[in-house]
Amino acid sequence: MSKTGALAAVFVLGCVLGTGALADSGPPTDTTTTTTITTTTITTTTTTTEPAALPDGVTIAGVAVGGLAPAEAYAAVRAAFATPVTLVFAGRRIRVAPGELGAVGYAQRAVAAAGRAAPQSTIPLHVAVRPGPLRHYLRRLARRLNRKPVDATLRLRTGRPFVSQEQAGIALQVEPALDAVAAELEAGSRAPLRLPSKAVAPAVTRRGFGPVIVIHRGVNRLQLFSGMRFVRSFGVATGQTRYPTPLGRFQIVVKWKDPWWYPPASPWATGEKPTPPGPGNPLGTRWMGLSAPGVGIHGTPQSGSIGYSLSHGCIRMLIPEAEWLFEHVAVGTPVYIVAS
């Protein structure tokens, strides 16, 4: 080998060795080194023990809670207690929540007792009823549902008296009802409860209706009824065309035996003087004054006027018949005067 060839071979060999050293030496000494710190998170797990189920077969106020968790039993008892109470009054059924009646059921206390009880035990639910809210509810109910009595009323129908049928009222007895409702709630019953009440009698009844007079001006007849029952009819004299007997409904306001007659303030009585009781008295022996001013039913010594329209507005009767009628009517007796 020539000297030049030998030098070239040494140079090539040096290049190959230098490349291998760089690859193995790793990063230069002035390269930054990164340190990684690993943080470990410690998680604490809390284990909650479920409450023990209630003993088998246990009931609270009729609600089966055996085998239920206390929270489930509490919810079941509360739901049962919240069932509305049915109150019956005046033909109506009212459903109302126990809470609105002032009732409180101690379900939590009952559930706690059930947890300590033996299987198949029956646990009561203590219920307290506050009288204030319950009394307030019952009074409001009474104001809304009490029914006042309706008196029998009188009217004229086809010329005869007609008396409507009376109706009894009904009133809630608040204090007895309060005791009854409180007892029902405390017992846990939800059966319909009929509230104590009392009937209120009407002041006027059809059966007790008294005398009624109907005067038919057109035919000069007076009829007496007892309520709707016809009693007797009389011929009468009514007013002249110039002094007509008034039409309408009136009542007897005064009754006098052997009355004095005093001249009215009317042209026809000018110059007349008061007349004491006796045979010549224009009023006869009986006067039944009406609520129509100056008008009355009375006897008359002028028996020939009966059946005609000859009076000055009053209703004249034969004296014996006026005396009979006087004994069969009272102050307050209704008097209808009709045209027919």
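Here are some notes on the predicted model above, taken point by point.

1. **Ground rules.** This is a predicted model, so local features need pLDDT of at least 70 and side-chain atom pairs count only at pLDDT 80 or more, while totals for chains, interfaces and linings use all residues. Residues are numbered from 1 along each chain as its sequence is written, and side-chain values use heavy atoms, with hydrogens and water left out.

2. **The overall picture.** The protein has six helices and 22 strands; these are DSSP runs numbered from the N terminus, with helices being H or I of at least four residues and strands being E of at least two. Buried residues make up 34% of the 340 residues. Here buried means under 20% relative accessible area, exposed means over 50%, and partly exposed is in between (1.4 Å probe, protein chains only). The accessible surface comes to about 20,200 Å², and 57% of that belongs to carbon and sulfur atoms. Those areas come from the Shrake-Rupley method with a 1.4 Å probe; for residues, only the protein chains shown count as cover. Looking at contacts (heavy atoms within 4.5 Å), 62% of those between residues at least 6 apart in sequence join residues at least 24 apart.

3. **The largest core.** A nonpolar core is a set of buried Ala, Val, Leu, Ile, Met, Phe, Trp, Tyr and Cys residues joined through side-chain atoms within 4.5 Å. The largest one here has 40 residues, and Ile-60, Leu-138 and Leu-195 touch the most other members. Elements that each supply at least two residues include α2 (70–81), β3 (85–89), α3 (107–116), α4 (131–145) and α5 (174–187). As background, nonpolar side chains tend to be buried together in soluble globular proteins.

4. What does Leu-138 touch, not counting residues up to four places away in sequence? The list is Leu-172, Val-174, Ala-177, Leu-178 and Leu-195.

5. **α4 against α5.** The axes of these two helices come within 10 Å and cross at roughly 125°, which makes α4 oblique to α5. For reference, axes are lines fitted to C-alpha atoms, for helices over the stretch in contact, and angles run from 0 to 180 degrees between N-to-C directions. Angles under 35 degrees count as roughly parallel, over 145 as roughly antiparallel, 65 to 115 as roughly perpendicular and the rest as oblique. The crossing of α4 and α5 is right-handed; that is the label if the near helix is turned clockwise from the far one by less than a right angle, with anticlockwise being left-handed. On the α4 side the residues are Pro-131, Leu-134, Arg-135, Leu-138, Arg-139 and Ala-142, and they meet Val-174, Glu-175, Ala-177, Leu-178, Val-181 and Ala-182 in α5.

6. **α2 against α3.** Here the axes come within 9 Å and cross at roughly 135°, so α2 and α3 are oblique to each other. This crossing is right-handed. Pro-70, Ala-73, Tyr-74, Val-77 and Arg-78 of α2 make the contact with Ala-107, Gln-108 and Val-111 of α3.

7. **Trp-287.** Trp-287 and Pro-259 are 28 residues apart along the chain, yet their C-alpha atoms are separated by 6.6 Å.

8. **Two positive phi values to check by eye.** Most residues other than glycine have a negative phi. Gln-120, in the loop between α3 and β6 (122–123), has a positive phi of about 70° and is exposed at 58% relative accessible area. Asn-220 has a positive phi near 55° and lies in the loop between β13 (211–216) and β14 (221–226), but Asn-220 counts as buried at 5% relative accessibility.

9. **Gly-210.** This glycine is in the loop between β12 (197–200) and β13 and counts as partly exposed at 29% relative accessibility. Gly-210 touches Phe-225, Ser-226 and Gly-227, not counting residues up to four places away in sequence.
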